[in-house]
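The following briefing goes through selected local and overall features of the structure shown here. It is arranged by topic, so that each group of points can be read alongside the model.

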Protein chains: 2
Amino acid sequence: MSLLVVGSVALDTLETPSGRADDAVGGAATYFAYAASFFTPVRMVGAIGDDFPAEVLSDLEGRGVDVSGVEKRAGTTLRWSGRYHEELNVRDTLHLDLGVFGDFQPSIPDSYRDSEYAFLANIDPALQARVLDQLEGPRLIGCDTMNHWIQESRSVLDGLLKRVDMLIVNDEEAELLTGDRNMVKAAAKILDSGPKSVLIKRGEYGVIDFSPGNVFAVPAYPLEEVRDPTGAGDCFAAGVMGELARSGDLSPAGLRRAIVYGSVMGSFVVEDFGPKRLQSLTREMIDERYRQFVALTDIPR
Amino acid sequence: MSLLVVGSVALDTLETPSGRADDAVGGAATYFAYAASFFTPVRMVGAIGDDFPAEVLSDLEGRGVDVSGVEKRAGTTLRWSGRYHEELNVRDTLHLDLGVFGDFQPSIPDSYRDSEYAFLANIDPALQARVLDQLEGPRLIGCDTMNHWIQESRSVLDGLLKRVDMLIVNDEEAELLTGDRNMVKAAAKILDSGPKSVLIKRGEYGVIDFSPGNVFAVPAYPLEEVRDPTGAGDCFAAGVMGELARSGDLSPAGLRRAIVYGSVMGSFVVEDFGPKRLQSLTREMIDERYRQFVALTDIPR
């Protein structure tokens, strides 16, 4: 089933303890589109400047991503450069130039309005809400956000949360949103505020999902080297939403399967810089790693 | 099967964000004995002073713990008082009085020498080695250690590691031991240094076990409140060693089952101060929580 993603498209310069990449394709919508395309047709909304490489759009199109919603505007693409610490969950922004993303107003093409699954990547919650206004009632809406919006746009965000089905945040964001360091309590408050599920990302420790009456924890896949953590969260969301859109199975088991596929996609993308690892991935490798997650976590009855 | 534990016995004064306990029974051997007694007969070695409450020893005896190896000496029991931060993995030692533990020389009673399973709780590795010298070749030896010994007694510890089957440490200790922040690399080095398995404790994120060709990760049980983290690691080790001693099953599946029982015991003890929660626990509650771990982690095939 059709899966819409709205979010940033960027050119990133990345420094990690493993090396460096200049002008790597990035942005939440880009990572999401690459990763979700292994599961279902993707419809992408974002903004790029004159400097964005045309071959990336062609590559995405070749993977079943509809890029007609990616608006090309005069100016430069969002550019971010960042440096990760030895502890990879800490990073410094060295440089940020919003470019055409600065006054991005997501406009949903008519052909996208019937999207049954939608993911609102991390942008201003006012814009996320405007995306929902343009859709004909999707079956499932997933949503990301970040510290900045939690602190600066709280009431708009609260309004948005009442309209989304699944919130995907990290533990720090969950704490900031609720004032609770304990994730069981934080999740209960988030579920009270609107979403039917909250998926809390814990970096190298995996993910925990809280839905009423159903808690599901998945450890992260143990990797010998994480070369570049950029995009891990977006690829996680893409695996979750992509598998749900593919299967249409929103049952607890269907959601669990989707969360593991999300973990699989997050584990792959960090193996190389930017979305490079996704570009060499096959569906067979994805399913093989799914089986490795089963083996990693299997408890004898 | 008989399970020997050698370690500290203490009286702790504990302050956590949830409250306070004065002169709570503590020490690694005590926590271990309480928790392991649900699985198998336990033989306990430690030292206590005149001030140690006799009813605790009787309580342990009533639970199938042989306390004839707990040496009563003139003087005071090891006393520790500590304060935990809001982030419960950080604690300050407010006061420490080693008492009779200061020159503790573990002496293994003749009746303990045939112990088939042995756990060396965190004490000087020279003393841990001397315990092994007094045993008639146990089937499985588990071992804990801490930063202090890794830094101050490295060569003795290295010698000891060649003699143990299973090392149980936290992620910080694994990093200190190997210089690797990445747990896959750290575990590989530890397995090269002697143990056949290394179980790495990650606090609120659970445990990951590395054995050659077998990696197993278990998330922590999501608790709404952790009242007192003291003893969690010892009770984890007790569940692991206790279940292995009970079943005698050292296969990968047997080890997985044991690690989950360890996680179960660790999750219970933190629900109240000191070993209090263990004192009200039943075997049925333990098995029920084991099933909850299965439900928490179950991935649809």
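This is a predicted model: local features need pLDDT of at least 70, side-chain atom pairs count only at pLDDT 80 or more; totals for chains, interfaces and linings use all residues.

- A:Asp23 lies in strand E3 of chain A, which covers residues 19–26, and its phi is near 50 degrees, a positive value in a residue other than glycine.
- B:Asp23 is found in strand E3 (residues 19–26) of chain B, where its phi is likewise positive, near 50 degrees, although the residue is not a glycine.
- B:Asp23 is partly exposed, with 16 other C-beta atoms within 10 Å.

**Helix H3 of chain A**

- In helix H3 of chain A, which spans residues 125–133, the buried residues include A:Pro125, A:Gln128 and A:Val131.
- Seen down the axis of H3(A), the buried residues fall within an arc of 105 degrees, so they line one face of the helix.
- The cover over these buried residues of H3(A) includes strand E1 (3–6), strand E8 (117–120) and strand E9 (140–144), together with helix H4 (147–152) and helix H5 (154–161), of chain A.

**Helix H6 of chain B**

- In helix H6 of chain B (residues 171–178), B:Glu173, B:Ala174, B:Leu177 and B:Thr178 are buried.
- These buried residues fall within an arc of 115 degrees when H6(B) is seen down its axis, and therefore line one face of the helix.
- The elements of chain B against which the buried residues of H6(B) pack are helix H4 (147–152), strand E10 (166–170), helix H7 (183–192) and strand E11 (197–201).
- Just after H6(B), B:Gly179 takes a positive phi of about 80 degrees.

- In the contact between the chains, 29 residues of chain A meet 29 residues of chain B.
- On the side of chain A that touches chain B, helix H7 (183–192), strand E13 (214–218), helix H9 (252–269) and helix H11 (283–297) each supply at least two residues.
- The residues of that side of chain A divide into 17 nonpolar, 3 polar and 9 charged.

How values were computed. Residues are numbered from 1 along each chain as its sequence is written. Chains are lettered from A and ligands numbered from 1 in the order in which they are written. Two residues are in contact if their C-beta atoms, placed from the backbone, lie within 7 Å. Helices (H or I, at least four residues) and strands (E, at least two) are DSSP runs, numbered from the N terminus. Ala, Val, Leu, Ile, Met, Phe, Trp, Tyr, Cys and Pro count as nonpolar, Asp, Glu, Lys and Arg as charged, and the others, Gly among them, as polar. A residue is buried if 20 or more other C-beta atoms lie within 10 Å of its own, exposed if 12 or fewer, and partly exposed in between; C-beta atoms are placed from the backbone. The arc is that of the directions from the helix axis to the C-beta atoms.
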